[in-house]
Amino acid sequence: MSTALSKVVASDPSNENGYRTFKLGKFELSRDEYFVTIRWPAKGQMRSHQMSAEAFLRACMRDVAWNFFYGWVNFDHVIGTRNHYGQVDLYAGTFNGIMKQAGVDYTERFDGAHIMATFKAILRDWVNEGFDPFAAPVETGTAFGTKQGENIEAIERTRIQTKRMPGLTGDSPLRNDMPINRAFADVSQDEPEIIEEPGFKGQLHAFSLFKYLSRSDVTWNPSVTAVCKASLACPTTEEYILPVFHGNDRVEWFIQLSDEIVWDVGDKNTGAPRARVTMKAGDVAAMPADIRHQGYSKKRSMLYVWENVTPDLPKRYEQGDLSPFPVDF
Amino acid sequence: MSTTVFGSISDYQKGSIEIVSGDPKHYVFSNIFEVASKSKPYERVVVGKNLEYVQEVMRAEGQSPWFACAHDEFALCMDGEVEIEFLKLKEPPPESKNGAILAGDTPEGKRMGLIRLKRGHQALLPAGCAYRFTATKLGVILQQTILGDLSVEKWNEICLQ
């Protein structure tokens, strides 16, 4: 990462607002009190796009924490990244049907470590003291204003990696020492009862997933809680808006464990709306491999995200070897 | 602060799909409590399928047969109360076998112990073991596993169309 860090191109802090401006290839990213502005070359001139600074930082934070995730992470309807697993595209307008058709889009591919180092440097500089881009809006301070300190602890979180199941010896930890989130104060904290016969100590294992989730201090940040070969259970707690439109490079499944989430589903390539899916507790739905989706959760909810991490899946879907729809019936 | 809403086999609401373009079937939308309410006890109904990997729903009522599996499975109790007994099998299923199989009425092996689950509790069902559920209160189990001989697919019956 030290080589990647040395490739980060940043200006001196602005005399006006205190923030640095960053260059990534031919992209330029800057922020002021309220907005992030992204500039890129297309059709013989520099184009520009603005996002709310809060929305940009929430999206960028997920992209970093998820290591660019599976497929496309659309920060909004214009800007986003596509993961090629080792290399990453940053694009503007490329997956916006109208901008693509007009030829004002631009994509540039970067070494994964280079773009990761730049995004991390952006977060370190642009996230002010008191603002946590992982937190629900009612649980954090403002993202806006001139530069005021930093919040390194908040932006250094990553996805929890689990080898088999949390709480097993040598595996990821449980969350018994973390506080219960205000929205889950009514969730039972009791644990399963395990009775082992002599000679089998430590061979049986269980934990309360709902207790574990009730103590999550982040939103829209899946953690792995069960590994069955390449099948990963990645539950998460959700409140307010998923800060990105996730574009699928494989089929993903959602199981709503509590409360309700509404999903806007659009075409992966153009963003054209396809459906609105309302999921209530106990509902199961697939997100096909040719869509993008963004969720809305009015009350903090528990969502079981289920992923298949078989290595060659993106290629098989892209080549048409696999249907984008998981079941034909 | 509003109450956290969990569903149950006797009290659930199903969501919906508003289509702009395409087919509701593309979302393979079902509800685990509805599926369990219409299932036979311990019928392993597939509600999620990602190539060979599946999520199965079981109605936990009375006692199940002994199951065995060559790979890890995970049981999440979504409703009710369930006890799971474990046996270390003398002859576990071959490693190449995916999904759960029936282990017979009296599988040969050593008693490992038991786990008692309530709503929201998740148990590891370790590879090479036999396990048997006993519902002490009517319940619903969501099981992460691989498509196998006992998996039941009935998508037309369970999914929104």
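Reader: In what sense do strand β18 of chain A and strand β2 of chain B pair?

Author: This is a predicted model, where local features need pLDDT of at least 70, side-chain atom pairs count only at pLDDT 80 or more, and totals for chains, interfaces and linings use all residues. Residues are numbered from 1 along each chain as its sequence is written, with chains lettered from A and ligands numbered from 1 in the order in which they are written. Strands here are DSSP runs of E, at least two residues, and helices are runs of H or I, at least four, numbered from the N terminus; two strands pair if DSSP finds at least two bridges between them. Residues 283-287 of chain A and 30-31 of chain B share 2 bridges, and the sense is antiparallel.

Reader: Which residue of β2(B) is the bridge partner of A:Asp283?

Author: Look in β2(B), the strand at residues 30-31 of chain B. The partner there is B:Asn31.

Reader: Which strand gives the largest share of chain B's side touching chain A?

Author: Count two residues as in contact if their C-beta atoms, placed from the backbone, lie within 7 Å. Then 60 residues of chain B meet 59 of chain A. Of chain B's side, 7 residues come from one strand, residues 109-117, and that's β8.

Reader: Why does the radius of gyration of chain B agree with a compact globule?

Author: It's taken over C-alpha atoms, and the globule rule is 2.2 Å times the number of residues to the power 0.38. For 161 residues a compact globule would come out near 15 Å, so chain B agrees with its 16 Å.
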